[in-house]
Amino acid sequence: MNDIRTGVIGLGAMGAPMARHLASHGFLAGVWNRTTIKADTLAAELGVMRADSPAELAGQCNILLTCVSADKDLESVIAQVLAGLKHGDVVIDTSTVSPVLTKHLAERLERIAVGFIDAPVSGGVEGAVNGRLSVMAGGDFATFSRVLPVLESFSSSVTHMGPVGSGQATKAVNQVIVAGLAEAVCEALALSEKLNLPSERLLSVLTAGAADSWFLRHRGQSVLENRFETGFKLSLLLKDLKIIQSLARNLNINLNTVDAAINDYEKLVTAGDGNNDISGLIRRKRAQMSVADEE
Ligand code: NAP
């Protein structure tokens, strides 16, 4: 694709920094966001158009990149862009959604000769801001190759995993690991508090050995300081885990880590903590340990 004109829909914690990288590579033509003020602010910062509607944005671009919350949101946004899409356009979805929905949307777009690449990302808000996300992509290889420069503009790694849905299937595998690490790290750090270990030395010793992980490095300090500002909203991880649980049911298998994490995050969301970063999980681990003390 010689003349790349990308429109970004969904300017949240991930979409906004991705749009900034697209702009710095000269690939960004415009933006749209449900809450208009965010789109106005970013469009002014980057010197691109703020579309009045998803369809208007589609009409001005040949690639649309979506980054919205969940299945129902992506379905809604795709329904709203249909009127503006043209033959040969490509929709890249970077949200984390169900592989089943992804295949359904790709088929719908194929009927109007529009390509679709599922391209969920990993690497957190830090990865998006630094342009160092890992992209796991699914879709027709020729279409993937056409939009590769767009994906590379905000990533340190872009991998084609297979046909449409393979990106989201890979992301499901990724999120089992993310949830398992969060469970282990939050439980371990709550235990360290019970044991009165010196927190200022704890993280350096743990990250120097086999317990090292992205989550411990990027969230260990803030967890010990009781800071849970978003990064990755725990309500979004709960949404991912429910997608994975549904995949597991279809395969007739149990994923114990996923079931345990769902139980924890459901309790936190019910308690009103859904907008906290997933590291807010330590609150539940601490509460569980206090109950054990009282017994
Ligand atoms: P976020 O900060 O909550 O932003 C969500 C974005 O989606 C906002 O722009 C929001 O618009 C838009 N949106 C939600 N529902 C919509 C609807 N029905 N119609 C139109 N727009 C809608 O979330 P995020 O952290 O950027 O995450 C976005 C996606 O990336 C999610 O699928 C998440 O699982 C995935 N992800 C997140 C991370 C992370 O670390 N945060 C990492 C990897 C993947 P408004 O501004 O109007 O609310």
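## Packing of helices α4 and α5

Helix α4 (residues 71–81) and helix α5 (residues 99–110) have axes that come within 11 Å and cross at roughly 5 degrees, where axes are lines fitted to C-alpha atoms, for helices over the stretch in contact, and angles run from 0 to 180 degrees between N-to-C directions. The two helices therefore count as roughly parallel, a label used for angles under 35 degrees; helices are DSSP runs (H or I, at least four residues) numbered from the N terminus.

Asp-71, Leu-74, Glu-75, Ile-78 and Ala-79 of α4 are in contact with Leu-101, Leu-105, Arg-108 and Leu-109 of α5, contact meaning heavy atoms within 4.5 Å. By class, this contact holds six nonpolar, no polar and three charged residues.

## Basis of the model

This is a predicted model, in which local features need pLDDT of at least 70, side-chain atom pairs count only at pLDDT 80 or more, and totals for chains, interfaces and linings use all residues. Residues are numbered from 1 along each chain as its sequence is written, and side-chain values use heavy atoms, with hydrogens and water left out.

## Ligand surroundings

The ligand is surrounded by 26 residues, of which the closest are Asn-33, Thr-35, Lys-38, Lys-233 and Lys-239. An N or O atom in the side chain of Lys-38 is 2.6 Å from a ligand oxygen atom, while a backbone N or O atom of Val-68 lies 3.0 Å from an oxygen atom of the ligand.

Notes. Parallel < 35°, antiparallel > 145°, perpendicular 65-115°, else oblique. Nonpolar A, V, L, I, M, F, W, Y, C, P; charged D, E, K, R; others polar. Near = heavy atom within 4 Å. Polar contact = N/O pair within 3.5 Å; in protein donor to acceptor, adjacent residues only side chain to side chain.
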